[in-house]
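Please open the model in a viewer and keep the selection tool at hand.

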Amino acid sequence: MKEQKLLSYIDQFCHLGAPSVSLLRDSLQFQTYERGSTLWDEGGKPEEKYFLLDGLIRLYSSNDQGDEITVHFSDTGNFLADVDSYNSGIPSLVTAVAERDTEVIVFSRSILERFEKEIAEWSDLFRRITEKALFEKVKIRSDLFQREAKDRYLAFLEYFPNIANHVKAADIASFLGISQYTLSHIKKQLMQADFLRNSKN
């Protein structure tokens, strides 16, 4: 069942009792976003949190010239939310857009408030999930930007192995903080290296 992905993810943090699992299952809301659809827009105040059952979400902000600056990617099996905006009501600094058809479980504010009241473990569970997501996001960014451009791209492919074929090269370059020309040059170098290795075998 679809919700088993969510329950397996939650089990990494704590074990919910049968009554809590039953309440959770009965309250789940599923939604599909077609490629190009937005979950929320920069400047908005999202009132939901999401668990990605399948798909890919890109988070980006816009600079003064209107260019999109990609700040993160989230794919299958992860929670997604603008925590600062959700908690404080400030406008979001990013837009969340589906880069391919994406299915999510939607947690509305009212549902989350109900879970906090009726599931004893919920508040601590979501705190730990949020802390893990933030730690991993910071870790990835820190690791990438300690590397030179070529190694940065190779590390990106390791961190996000299912993403490169679904987003534009411009978005990857933006996320890596390099130009599209530099990214194109790196990819050509890697293709030539692969060709040479295969030729010797």
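Partly exposed describes a residue whose relative accessible area lies between the buried class, under 20%, and the exposed class, over 50%. The model on display is a predicted one.

Select Asp124, which at 36% relative accessibility counts as partly exposed.

**Second stop: helix 1 to helix 2.** Select Glu3 and Arg25, whose closest N and O atoms are 3.4 Å apart in a salt bridge. Because Glu3 lies in helix 1 and Arg25 in helix 2, this pair ties together parts that are 22 residues apart in sequence. Glu3 is buried, at 12% relative accessible area, while Arg25 is partly exposed, at 33%.

Which residue does Arg58 meet in a salt bridge? Its partner is Asp171, at 3.3 Å from N to O. Arg58 is part of strand 3 and Asp171 part of helix 7 (residues 169-176), so the bridge ties together parts that are 113 residues apart in sequence. Arg58 is buried, with 4% relative accessibility; Asp171 is likewise buried, with a relative accessible area of 4%. Now extend the selection to Glu68 and Glu99, which are linked with Arg58 and Asp171 in a network of salt bridges. In total, the structure holds 11 salt bridges.

Select Leu6, Leu24, Phe51, Phe79, Phe107, Phe115 and Trp122, the residues with the most contacts inside the largest nonpolar core, which has 25 residues. Colouring by secondary structure shows where this core comes from: at least two residues each are supplied by helix 1 (3-10), helix 2 (18-27), strand 3 (48-62), strand 6 (95-108), helix 4 (109-118) and helix 5 (122-144).

Then centre the view on Phe79. Leaving aside residues up to four places away in sequence, Phe79 touches Leu6, Tyr9, Tyr50, Phe51, Ser74, Phe107, Phe126 and Ile129.

**Last stop: a second core.** Finally, select Ile140, Ala155, Ile163 and Ile172, which are included in a second, separate core of 18 residues.

Key:
Residues are numbered from 1 along each chain as its sequence is written. This is a predicted model: local features need pLDDT of at least 70, side-chain atom pairs count only at pLDDT 80 or more; totals for chains, interfaces and linings use all residues. Side-chain values use heavy atoms; hydrogens and water are left out. A nonpolar core is a set of buried Ala, Val, Leu, Ile, Met, Phe, Trp, Tyr and Cys residues joined through side-chain atoms within 4.5 Å. Buried means under 20% relative accessible area, exposed over 50%, partly exposed in between (1.4 Å probe, protein chains only). Helices (H or I, at least four residues) and strands (E, at least two) are DSSP runs, numbered from the N terminus. Contact means heavy atoms within 4.5 Å. A salt bridge is a side-chain nitrogen of Lys or Arg within 4 Å of a carboxyl oxygen of Asp or Glu.
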